[in-house]
Amino acid sequence: ADNLSDALKKLKITTTDSTADSLEGCLDCLLQALAQNNAETSEKIQKSGVLQVFASLLTPQSSCTAKVANIIAEVARNEFMRNPCVDAGLIPPLVQLLNCKDQEVLLQTGRALGNICYDSHEGRNAVDRAGGAHIVVDHIRSLCSKTDPASEKLLTVFCGMLMNYSNENDTLQSQLINMGVIPTLVKLLGIHCQNAALTEMCLVAFGNLAELESSKEQFAYTNVAEELVKLFKKQIEHDKKEMIFEVLAPLAENDVIKLQLVEAGLVECLLEIVQKTVDSDKEDDIAELKTASDLMVLLLLGDESMQKLFEGGKGSVFQRVLSWIPSNSHQLQLAGALAIANFARNDGNCIHMVDNGIVQKLMDLLDRHVEDGNVTVQHAALSALRNLAIPVVNKAKMLSAGVAEAVLKFLRSEMPPVQFKLLGTLRMLIDAQAEAAEQLGKNVKLVERLVEWCEAKDHAGVMGESNRLLSALIRHSKSKDVIRTIVQSGGIKHLVTMATSEHVIMQNEALVALALIAALDLVTAEKDLENAQLVQILHRLLSDDRSAPEIKYNSMVLICALIGSEPLQKEVHSMAFLEVVSKLRSHENKTVAQQASLTEQRLAVES
């Protein structure tokens, strides 16, 4: 401790006129003390005011420069020392030293700047203002192809410095991307793949940059997919694989890179991991299984990569994914169902899958999760069934396979994501399927649950889908029994509210359903339509210039139907509809104009 105090005093007094030897001795003493107790020594250095002295010692001419930079690097390992280093004005002279040729000086300077930037806004901003990143990027470019140990050590430090500099800072990340650092780093990864420390730094730097959209476009023009897959194949340690996964996941969000990863053979690696880890209960293996299967699902989100792996339903990857669904691992069941949902993104694939028995597999999976099931698996299996039900030819096949009954088992679910998918699946299934729509529409339990969910204000998606299914049951069944079930369950007011939705498609579906109610069973619904103020709402829709032509057309069709009820007819006449309708006779849309003339005649006759 005495030696340290002496050294600090000497440094303060003698910087200007001391001999190089005495200066070296003081610096050695500091380094020794830092090695023994870094935090305590750093605190003493800060209190002594020596940091300001260091700024004047950081000159390319001095033989002590590397040692001073080393001391700063050691001191800056402590969080509490980073701002004092900036305040002491150490950044500009350190950045200047990046221009010198001495390898030891460059190494220690890179370490010092990297440590000062670590988790420190002030440090990063100071390096940015001094232009440090540009010089470091230039160094990396010129050293990139050198494979001697000294150059690789320097490259590792510089990559680490850039990583600390840009971590969690979008502006500085964008700056590095604009400097073109990405192609350089990818090249570096290829050349130095044998050097574990350097590849690790490269990967963390990628991870930092890959979150930004602009970086993905640059990555797509490099052979990063190939390099990462090559590196991945060589890894044995879980931690190293995890690091590569962390870079792959954000990159795989880009469709071009998805395809490149598939072509580079990533899928085969992922399938191998799944096979190795599926029966293991080791924590690392479980984590690896999750990451591999999640990444697999992500690759299937790109249309081209998905079709490439589907291979007309004959692809080995597609077949392997199918085998995940009956697995005992929840993670694999989930990934399998999500993968099927992703494969089911075009009609051709959907038809092929339904013809080849995929529906039964998904229904069996759902069956395993009815009681206290896994919500994510339920959600994924329902998503897959919903997508499969989109092509017209699949609907009847799926209905006769019992999909509607399988889905209805989840009516009790209190989980909004499951409710949302359940509703969407049923809505897809009954599209233009009159018999199924009638059967479901007479199911009192279902209709009562829909009416309940129509009020789920906290979950807009569930609320919207419930309304749409309610309307669809009427529109596709055109059945009086269905209308009565909906009236008795209190569903009419929700259909009237739906006519005021901000989505034209939903407004329209509501108006068509209400027109069918008015045409088929006005007497039963009369009271509810009156209480829900349907006539006022129609007046508002017809008066509003922003209403879409189809909304105006269907509102007038509905008015004509409502006149069949005495109380509703009275309301219509009390609200001066004739005036609004006669204006619409000159509407630019011909169908609207024609319907306006017909409606005007009906109103005139009834008055």
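The protein has 40 helices and zero strands (DSSP runs numbered from the N terminus: H or I of at least four residues, E of at least two). This is a predicted model, in which local features need pLDDT of at least 70, side-chain atom pairs count only at pLDDT 80 or more, and totals for chains, interfaces and linings use all residues. Residues are numbered from 1 along each chain as its sequence is written, and side-chain values use heavy atoms, without hydrogens or water.

**Overall shape**
- The C-alpha trace spans about 115 × 55 × 40 Å along its principal axes.
- Buried residues (under 20% relative accessible area; exposed is over 50%, partly exposed in between; 1.4 Å probe, protein chains only) make up 57% of the 607 residues.

**Helix H21**
- H21 covers residues 303-310, and Ser305, Met306, Leu309 and Phe310 are buried there.
- These four lie on the same side of H21, because they cover an arc of only 135° around the axis (taken from the directions from the helix axis to the C-beta atoms).
- The buried residues of H21 pack against helices including H18 (255-263), H20 (283-299) and H23 (330-343) (contact: heavy atoms within 4.5 Å).

**Cysteines**
- The whole structure holds zero disulfides (cysteine sulfur pairs within 2.5 Å).
- Cys29 has its closest cysteine sulfur in Cys26, 7.4 Å away and too far for a bond. Cys29 is buried, at 16% relative accessible area.
- For Cys193, the closest cysteine sulfur is in Cys202, 11 Å away and too far for a bond. Cys193 is partly exposed, at 23%.
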